[in-house]
Amino acid sequence: MENSEIKDEYSPIHAADSKDFGCCYYCGCEADRQDHSPPIKHFLFYSMGMDELTCMIIPACKECRDFLLDCKEGKLDDRFDYVKKRIAKKYRRALNIYHSWQHDDALDEMSAVSYTH
């Protein structure tokens, strides 16, 4: 099966709510790329022995699409979980700092600054 024939097997998914149009399925940012579930390069593997294979084109942002380049998972739910783990790992430090910051403590530690024009 040629690559163009494989691509014909995929159908785009569409947002059910208008607020989600143009958004990355994985993180909600602006979608400017596409992901394929299962990945096109693994299509033949996933299609072997399966009576019904749902092939989808998923709207994605650059960051999520880059995370998925090395993902071999074929199911959309598994790909979603994979991205969430990669996002959590990448932003772990920033999130830990945010969650450890107590609003009242932070205000006490800040000094008064006066600005003159």
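Is aspartate 66 buried, exposed or partly exposed? With a relative accessibility of 35%, aspartate 66 counts as partly exposed, where buried means under 20% relative accessible area, exposed over 50%, and partly exposed in between (1.4 Å probe, protein chains only). The model looked at here is predicted, so to speak from the start: local features need pLDDT of at least 70, side-chain atom pairs count only at pLDDT 80 or more, and totals for chains, interfaces and linings use all residues. Residues are numbered from 1 along each chain as its sequence is written, and side-chain values use heavy atoms, with hydrogens and water left out.First, the overall fold. The protein chain has six helices and three strands, taken as DSSP runs numbered from the N terminus (H or I, at least four residues, for helices; E, at least two, for strands). Along the sequence these elements follow the pattern α-β-β-α-β-α-α-α-α. Of the 117 residues in the chain, 23% count as buried. Among contacts (heavy atoms within 4.5 Å) with a separation of 6 or more, 63% are between residues 24 or more positions apart.

Next come the charged pairs. Side chains of opposite charge can pair when their charged atoms come close. A salt bridge is taken as a side-chain nitrogen of Lys or Arg within 4 Å of a carboxyl oxygen of Asp or Glu, and by this rule the count comes to seven. One of them joins lysine 62 to aspartate 66, with the closest N and O atoms 2.7 Å apart. Both partners sit in helix 3 (residues 62-68), four residues apart, or about one turn of the helix.

Glutamate 63 counts as partly exposed, its relative accessibility being 26%. A further salt bridge brings together the side chains of aspartate 70 and arginine 86, at 3.4 Å from N to O. It too connects distant parts of the chain: aspartate 70 belongs to the loop between helix 3 and helix 4, arginine 86 to helix 4, and 16 residues separate them. Arginine 86 is partly exposed, at a relative accessible area of 29%.

Then there is aspartate 35, which lies in strand 2 (residues 33-37). This residue is buried, with a relative accessible area of 1%. Asp35 is linked with Arg65 and Arg79 in a network of salt bridges. The side chains of aspartate 35 and arginine 79 are also joined by a polar contact of 2.7 Å, and a polar contact of 2.4 Å runs from the aspartate 35 side chain to that of tyrosine 26. Polar contacts are pairs of N or O atoms within 3.5 Å; within protein, one must be able to donate a hydrogen and the other to accept it, and residues adjacent in sequence count only if both atoms are side-chain atoms. Beyond its neighbours within four places in sequence, aspartate 35 is in contact with Tyr26, Met56, Ile57, Ile58, Ala60, Arg65, Leu68 and Arg79.

Lastly, the backbone has a cis peptide bond between serine 37 and proline 38, with omega about -5°. Proline 38 lies in the loop between strand 2 and helix 2 (43-47).
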